[in-house]
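Morning, everyone. Please look at the model on the screen while I talk.

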Amino acid sequence: MATFPVIDMEKLDGEERAATMGVIKDACESWGFFEVLNHGISNEFMDTVERLTKEHYKKCMELKFKEMVESKGLEAVQTEINDLDWESTFFLRHLPVSNISEVPDLDDEYRKVMKEFALQLEKLAELLLDLLCENLGLEKGYLKKAFYGTKGPTFGTKVSNYPPCPRPELIKGLRAHTDAGGIILLFQDDKVSGLQLLKDGEWVDVPPMRHSIVINIGDQLEVITNGKYKSVMHRVIAQPDGNRMSLASFYNPGSDAVIYPAPALVEKEAEDKQIYPKFVFEDYMKLYAGLKFQAKEPRFEAMKAVESTVNLGPIATV
């Protein structure tokens with residue numbers, strides 16, 4: 001089994017740029033995942049984000065989670081549970097309009113830090129999208145434009161904790177799925193593992209590394225690249241010990257963005273046979289909501305069935 005791809009982004013500024021771009025290209029084509037170091041977000045700041053996230057869980061979420069476990073009798077389960085995840089979560093929306101000031105129970109310092117973290121992640125997401133454009137032979141800014149819609153991209157963070165689980169063999173931390181959106185940036189616990197991806201029919205651990213950000217490809221990038229890059233099934237295994245922190249930030253198309261394969265990536269002679277559909281992102285999300293934990297291919301087929309009604313409008317880019 002090949003080694004999980006880890007990219008030192010500082011190498012993009014020197015003689016090793018070409019080789020580093022090659023690693024990113026291979027990661028996108030063969031893994032759908034990679035991990036970045038020296039990504040521009042300081043270690044001290046990430047430590048603050050981690051400390052405040054863990055303090056918030058202890059203060060505001062832990063008791064609610066224990067009460068949920070007791071009410072459902074999960075500590076005594078004897079058979080596998082397939083319709084529930086062993087996780088405690090809340091969501092922050094950053095774009096197009098932030099809801100951080102409205103989310104209850106966050107103290108002022110945590111709100112301020114998460115706003116700043118979102119700004120830094122947004123910058124990193126856009127840098128990564130341009131690196132993907134370069135590898136794909138698309139003009140700089142193409143992917144950001146493709147995500148834009150009329151109000152800009154949607155961007156939000158799912159803050160999760162995966163507490164110790166008494167029966168990890170019977171309950172997943174998070175069931176297997178592909179991500180519906182664009183590019184996902186994950187700040188995960190470096191002490192408690194659990195994230196796995198499916199590669200060549202086998203589940204592979206995504207290694208926890210201090211101060212790294214894990215990147216993965218969502219369904220929308222698979223469509224825009226006409227399958228050159230693919231979203232990959234992944235899951236979180238519950239652990240008997242330790243509380244795993246996970247901050248997954250989703251840089252997604254705007255709700256009214258029209259998603260379709262980049263013309264430059266569709267073989268000229270086969271344009272009438274492009275593999276992937278054309279659709280409005282919001283329509284895809286409505287479909288995904290009920291089918292998240294199923295294979296993505298039927299979702300793409302379902303969107304193909306309605307694509308004749310989609311009007312490309314003025315946002316088509318070359």
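Some ground rules. This is a predicted model, where local features need pLDDT of at least 70, side-chain atom pairs count only at pLDDT 80 or more, and totals for chains, interfaces and linings use all residues. Residues are numbered from 1 along each chain as its sequence is written, and side-chain values use heavy atoms, with hydrogens and water left out.

Pockets first. Rolling a probe the size of a water molecule over the atoms shows where empty space is left. The work is done on a 1 Å grid over the protein atoms alone. A pocket is an open set of points where a 1.4 Å probe fits, with protein on both sides within 12 Å along at least five of seven lines. Lining residues have an atom within 4 Å of a point. Grid points are joined across faces, edges and corners, and a volume is the space filled by probe spheres set on the points.

How much space lies in the largest pocket? About 710 Å³. Its lining has 39 residues, and F91, K158, A248, F250 and N252 lie nearest the centre. Now the elements. Helices (H or I, at least four residues) and strands (E, at least two) are DSSP runs, numbered from the N terminus. Those giving two or more residues to this lining are β3 (88–95), β4 (154–162), β5 (174–177), β6 (183–188), β9 (213–217), β10 (234–236), β11 (244–252) and α6 (281–291). β4 has the largest share, with seven residues. On class: Ala, Val, Leu, Ile, Met, Phe, Trp, Tyr, Cys and Pro count as nonpolar, Asp, Glu, Lys and Arg as charged, and the others, Gly among them, as polar. The largest pocket is lined by 21 nonpolar, 12 polar and six charged residues.

The second largest pocket has about 250 Å³. It is lined by 16 residues, with L198, K199, D200, S231 and V232 closest to its centre. α1 (17–30) and β7 (195–199) each supply at least two of the lining residues. α1 gives the most, three. The classes here are five nonpolar, five polar and six charged.

Next, helix packing. Two packed helices are described by the angle between their axes and the distance between the axes. Axes are lines fitted to C-alpha atoms, for helices over the stretch in contact, and angles run from 0 to 180 degrees between N-to-C directions. Under 35 degrees counts as roughly parallel, over 145 as roughly antiparallel, 65 to 115 as roughly perpendicular, and the rest as oblique.

Take α2 (43–72) and α3 (108–136). They pack at about 135 degrees, axes 10 Å apart. So α2 and α3 are oblique to each other. Their crossing is left-handed, meaning the near helix is turned anticlockwise from the far one by less than a right angle; clockwise would be right-handed. Contact (heavy atoms within 4.5 Å) involves F45, T48, V49, R51, L52, T53 and H56 of α2, and E109, Y110, V113, M114, E116, F117 and Q120 of α3. That contact has seven nonpolar, four polar and three charged residues.

α1 also packs on α3, at about 90 degrees, with axes 10 Å apart. The pair is therefore roughly perpendicular. R17, M21, I24, K25 and C28 of α1 meet L131, L132, E134 and N135 of α3.

Then α6 and α7 (297–306): about 140 degrees, axes 11 Å apart. That makes α6 oblique to α7. The crossing is right-handed. α6 brings D283, Y284, L287, Y288 and L291, and α7 brings R299, F300, A302 and M303. Seven are nonpolar, none polar, two charged.

Last, the backbone. Which bond joins L95 and P96? A cis peptide bond, omega about 5 degrees. P96 lies in the loop between β3 and α3. D105 is in the loop between β3 and α3. D105 has a positive phi of about 75 degrees, although it is not a glycine.
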